[in-house]
Amino acid sequence: MKKSFVALALFAIITGMSVNAHADLDGFLSNLNIQARADMNGFSVKLGAQFGVPLPQVQAIIRSVEMPADAFMCLQLSQWTNKQPDMVVNTYKGNKGKGWGVIAKQLGIKPGSTEFHALKRGDLHFTGEPSGAIAQGKGKGKGKGHNK
């Protein structure tokens with residue numbers, strides 16, 4: 001009796017943890033959709049700034065995906081994988097019913113990687129500030145503060 005109770009309790013804990021991880025990503029994406037619907041132009045500008053993508057391209061991506069948060073995810077995966085946003089959008093379209101974990105794997109993100117864990121936890125950030133290569137000074141041009 002004790003063994004079955006322990007096994008059942010362990011199963012409930014593990015199941016609850018996976019639901020919480022899924023709920024965190026879902027919560028993040030849900031909040032992103034709310035922000036986008038409140039100010040689609042501002043959302044688009046912030047997406048472009050954060051990922052270094054021109055506004056017309058951001059707007060085209062938003063039109064081609066189901067929800068505005070999906071555009072964020074496509075750009076985030078594009079940044080993580082160093083793949084063009086259009087390629088990520090095409091992968092999204094072919095796998096959108098399967099979830100972001102499957103899409104990430106299709107794009108080459110390994111299940112044990114830092115990026116994959118961040119994705120599963122919903123540990124993502126929408127700041128509108130440059131991130132990735134742009135924030136690290138690896139974008140185009142030298143900008144202020146760089147040695148010549």
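The following exercises, with worked solutions, concern a predicted model of one protein chain.

Residues are numbered from 1 along each chain as its sequence is written.

**Exercise 1. The chain as a whole**

Task: Determine how many helices and strands there are in the protein chain, and what share of its residues is buried.

Solution. 

Step 1. Helices (H or I, at least four residues) and strands (E, at least two) are DSSP runs, numbered from the N terminus. The protein chain has 7 helices and 0 strands, and the order of elements from the N terminus is α-α-α-α-α-α-α.

Step 2. A residue is buried under 20% relative accessible area, exposed over 50%, and partly exposed in between (1.4 Å probe, protein chains only). Of the 148 residues in the protein chain, 34% are buried.

Step 3. Contact means heavy atoms within 4.5 Å. When contacts between residues at least 6 apart in sequence are taken, 60% of them join residues at least 24 apart.

**Exercise 2. The nonpolar core**

Task: State which residues of the largest nonpolar core touch the most other members, and which element gives the most to this core.

Solution. 

Step 1. A nonpolar core is a set of buried Ala, Val, Leu, Ile, Met, Phe, Trp, Tyr and Cys residues joined through side-chain atoms within 4.5 Å. The largest such core holds 32 residues, and L47, F72, L77 and W100 touch the most other members.

Step 2. Two or more residues of this core come from each of α1 (2–38), α2 (40–51), α3 (55–64), α4 (68–81), α5 (85–95), α6 (100–106) and α7 (114–121). The greatest contribution, 7 residues, is that of α4.

**Exercise 3. Helix α4**

Task: Explain why α4 is described as largely enclosed by the rest of the structure, and compare its expected span with the distance between its end C-alpha atoms.

Solution. 

Step 1. Since 12 of the 14 residues of α4 are buried, this helix is largely enclosed by the rest of the structure. Among the buried residues are P68, D70, F72, L77 and T81.

Step 2. The expected span of a helix is 1.5 Å times one less than its number of residues. For the 14 residues of α4 this gives 20 Å, which agrees with the 20 Å between its end C-alpha atoms.

Step 3. T81, in helix α4, is buried at 15% relative accessibility. Its side chain reaches the backbone oxygen of L77 at 2.7 Å, a polar contact (a pair of N or O atoms within 3.5 Å; within protein, one must be able to donate a hydrogen and the other to accept it, and residues adjacent in sequence count only if both atoms are side-chain atoms).

Step 4. Just after α4, N82 takes a positive phi of about 60°. N82 lies in the loop between α4 and α5 and is exposed, at 72% relative accessibility.

**Exercise 4. F51 and F72**

Task: Classify the ring pair of F51 and F72, and identify the helices in which the two residues lie.

Solution. 

Step 1. Rings of Phe, Tyr and Trp (its six-membered ring) pair if their centres lie within 6.5 Å; planes under 30 degrees apart count as stacked, over 60 as edge-to-face and the rest as tilted. The structure holds 5 aromatic pairs.

Step 2. The ring centres of F51 and F72 are 5.5 Å apart and the planes stand at 65°, so the pair is edge-to-face.

Step 3. F51 belongs to helix α2 and F72 to helix α4, so the pair ties together parts that are 21 residues apart in sequence.

Step 4. F51 is buried at 10% relative accessible area, and F72 is buried at 0%. Ring pairs link F28, F43, F51, F72 and F126 into a cluster.

How values were computed: Predicted model: local features only at pLDDT ≥ 70, side-chain atom pairs only at ≥ 80, totals over all residues. Heavy atoms only, no water.
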